[in-house]
Amino acid sequence: MTGELSGQATTGELGYEGALRPGSLEEFVGQSRVRQQLRLLLDAATMQQRTPDHILLAGPPGLGKTTLSMIVAAELEKPLHQTSGPAIQHAGDLAAVLSALTPGEVLFIDEIHRMARSAEEMLYLAMEDFKIDIMVGKGAGATSIPLEIAPFTLVGATTRAGLLPNPLRDRFGFTAHLEFYADDELESVVTRAARLLEFDIAAAGVSEIARRSRGTPRIANRLLRRVRDYSLVHGVAGGTDAVQAALALYDVDAQGLDRLDREVLRAVVERFGGGPVGLSTLAVSVGEEAETIESVVEPFLVRAGLLSRTPRGRTVTRMGWEHTGIPMPPVS
Ligand SMILES: Nc1ncnc2c1ncn2[C@@H]1O[C@H](COP(=O)(O)OP(=O)(O)OP(=O)(O)O)[C@@H](O)[C@H]1O
Ligand SMILES: [Mg+2]
C-alpha cells in the first residue's frame with residue numbers, strides 16, 4: 001500500500017522523517033504511559049550503571065517505533081546500530097553485527113519478526129548471557145566456539161507482535177504497545193512539524209489534518225506536507241479551505257479513509273454480504289498482500305468501528321455499511 005494514508009514510509013520520505021523526529025522522550029508527543037515506563041527503565045539503568053533490559057516496541061506502522069529506538073540511544077548517550085529482520089538471513093549476519101557491538105551500544109532490529117529462524121537461537125543466547133556460539137567447520141568435524149560480546153540493549157520493533165516466537169518475546173524485559181494517537185496529540189505533532197517546516201497554518205487547519213490522519217503521526221506529517229505544497233502552489237494561506245482542497249485531491253475522506261480502506265470495506269459488503277470473510281480471501285479480492293491488510297488497513301478500520309475481527313473472519317459493522325453508502329440488509 002503506497003497511498004497517502006498508508007502508515008508505511010515511502011523512500012523519499014526518509015529525509016523528511018529525520019528532520020521531524022523528536023530527539024528526546026520529552027519532545028516525543030503522546031504515548032504518555034510508554035514514555036513513563038521507558039523513563040523509569042532508562043533512569044534505573046543509568047543510576048546503576050548497567051545496560052537496561054531489552055525493549056520490544058510493538059504497534060502499527062508510523063507510530064514512532066524507530067523514533068523511540070533513537071531516543072533510547074540518545075537518552076543513554078550510547079551509539080545506535082540499526083538493522084532489520086530481513087537483513088538478517090543467516091546466523092552469520094547476526095554474529096557479525098553482535099560481535100562488533102561496543103559496550104552499552106543500542107542495537108535496533110526493525111521488523112524483528114522477519115529475522116531468519118537460524119539467527120533467532122543465536123539472539124536468545126546473546127540477549128541472555130551476552131555470548132554467542134560461532135560454528136566453525138562443517139559436518140561431523142564442526143565445533144562451536146563460544147564468544148563473549150559486549151553488553152548491549154536490544155530494541156526490537158514489530159508491527160506483528162503475535163508472530164514472534166515465545167522464547168524471543170520472553171527475553172524482552174519490557175514490551176511497549178504503541179497505541180494510535182488521539183486527535184489532540186496529533187494536533188501537537190502537526191503544530192510541531194509545521195514550526196520545523198516554517199509553514200504558517202491556521203489552528204482549524206491543524207485540527208482538520210489531525211482528524212484525518214488515522215491516529216498516525218507519519219500520516220499527519222505527510223498530509224501536512226501536501227497541504228503546504230497546495231498552499232505554496234496556489235498562493236493561499238494554510239487554512240481549512242486549503243486543507244480540504246489538498247486532501248480531496250489525494251482522495252482522503254473526512255474520516256481519514258483512503259482508497260484501499262474503502263475498497264476493503266466495499267469488498268466485504270459487495271462480495272461477501274458484509275462478512276464474515278477470511279483474511280486471505282479478502283486480500284486476494286482487493287489484490288493486496290494479506291500482511292498489508294492485516295497490519296495497515298485493519299487496525300485502523302477496527303479502531304474506527306467500521307470493521308470487526310471475529311474468529312470466523314472479518315465482518316463490516318453497521319457503521320461500516322453506512323460508510324459505504326450501501327443499505328444494510330435486514331437481519332433475518
Ligand atoms: N510521538 C511522536 N511525536 C512526534 N512525531 C512523531 C511521533 N511519533 C512518530 N513521529 C513522526 O512520525 C514519523 C514516523 O515515525 P517512525 O519512523 O518512528 O515510525 P515507525 O513506528 O518506526 O514506523 P514503521 O513501522 O513504518 O517503521 C517520523 O517522522 C516521526 O517524526
Ligand atoms: Mg520504523
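**The sheet and its surroundings**

A: The chain has an open sheet of 5 strands in the order 2-3-6-1-7, with parallel pairing. Keep in mind that this is a predicted model.

Q: Which strands stand at the edges?

A: Strand 2 and strand 7 (174-177) do. Each has a single partner strand, so one side of each is left without a neighbour in the sheet.

Q: By how many degrees are neighbouring strands turned against each other?

A: On average by 15°, with direction ignored.

Q: What holds strands together in a sheet, in general?

A: Backbone hydrogen bonds, in either a parallel or an antiparallel arrangement.

Q: OK, strand 3. Which strands does it pair with, and over how many bridges?

A: Strand 3 pairs with strand 2 (residues 80-84) over 5 bridges, in the parallel sense. Strand 3 also pairs with strand 6 (residues 153-158), again parallel, over 4 bridges.

Q: Which residues cover which side?

A: V106, F108 and D110 are on one side, and L107 and I109 are on the other. All of these are buried, so to speak of strand 3 is to speak of a strand with both faces covered, given the cut-off of 20 or more other C-beta atoms within 10 Å.

Q: What sits between strands 2 and 3 in the β-α-β unit?

A: Helix 4 (residues 91-99). Strand 2, helix 4 and strand 3 form a right-handed β-α-β unit.

Q: Back to strand 6. What does strand 1 do with it?

A: Strand 1 (residues 55-58) pairs with strand 6 in the parallel sense, over 4 bridges. L56 has G156 in strand 6 as its bridge partner.

Q: Switching to the ligand. Which residues come nearest to ligand 1?

A: E17, G64, K65, T66 and T67, out of 22 residues around ligand 1.

Q: What is that shell like by class?

A: It has 9 nonpolar, 8 polar and 5 charged residues.

Q: Which helices supply at least two residues of the shell?

A: Helix 1 (14-20), helix 3 (65-76) and helix 9 (217-234).

Q: And which domains does the shell draw on?

A: Domain 1 (31-177) and domain 2 (184-249) each give at least three residues to the shell around ligand 1.

Q: Which residues have a positive phi although they are not glycine?

A: E77 has a positive phi of about 55°, and E198 also has a positive phi of about 55°.

Q: Where are they, and are they buried or exposed?

A: E77 is in the loop between helix 3 and strand 2. E77 is exposed, with 8 other C-beta atoms within 10 Å. E198 is in the loop between helix 7 (183-196) and helix 8 (203-211), and with 7 C-beta neighbours inside 10 Å E198 counts as exposed.

Q: Which peptide bond is cis?

A: The one from G275 to P276, with omega near 0°. P276 lies in the loop between helix 11 (259-272) and helix 12 (279-286).

Q: What about I134, where is that?

A: I134 is in strand 4 (residues 131-136). I134 counts as partly exposed, with 14 C-beta neighbours inside 10 Å. The C-alpha atoms of I134 and I145 are separated by 5.1 Å, and the two residues are 11 apart along the chain.

Q: Last one: how many helices and strands are there in the chain?

A: The chain has 14 helices and 9 strands. Buried residues make up 38% of its 332 residues, and the C-alpha trace spans about 70 × 50 × 30 Å along its principal axes.

Notes
Residues are numbered from 1 along each chain as its sequence is written. Chains are lettered from A and ligands numbered from 1 in the order in which they are written. This is a predicted model: local features need pLDDT of at least 70, side-chain atom pairs count only at pLDDT 80 or more; totals for chains, interfaces and linings use all residues. A residue is near a molecule or strand if its C-beta atom, placed from the backbone, lies within 6 Å of it. Ala, Val, Leu, Ile, Met, Phe, Trp, Tyr, Cys and Pro count as nonpolar, Asp, Glu, Lys and Arg as charged, and the others, Gly among them, as polar. Domain bounds come from an automatic or database domain assignment. A residue is buried if 20 or more other C-beta atoms lie within 10 Å of its own, exposed if 12 or fewer, and partly exposed in between; C-beta atoms are placed from the backbone. Two strands pair if DSSP finds at least two bridges between them. A crossover is right-handed if, with the strands pointing away from the viewer, the path from the first strand over the helix to the second runs clockwise. Axes are lines fitted to C-alpha atoms, for helices over the stretch in contact, and angles run from 0 to 180 degrees between N-to-C directions.
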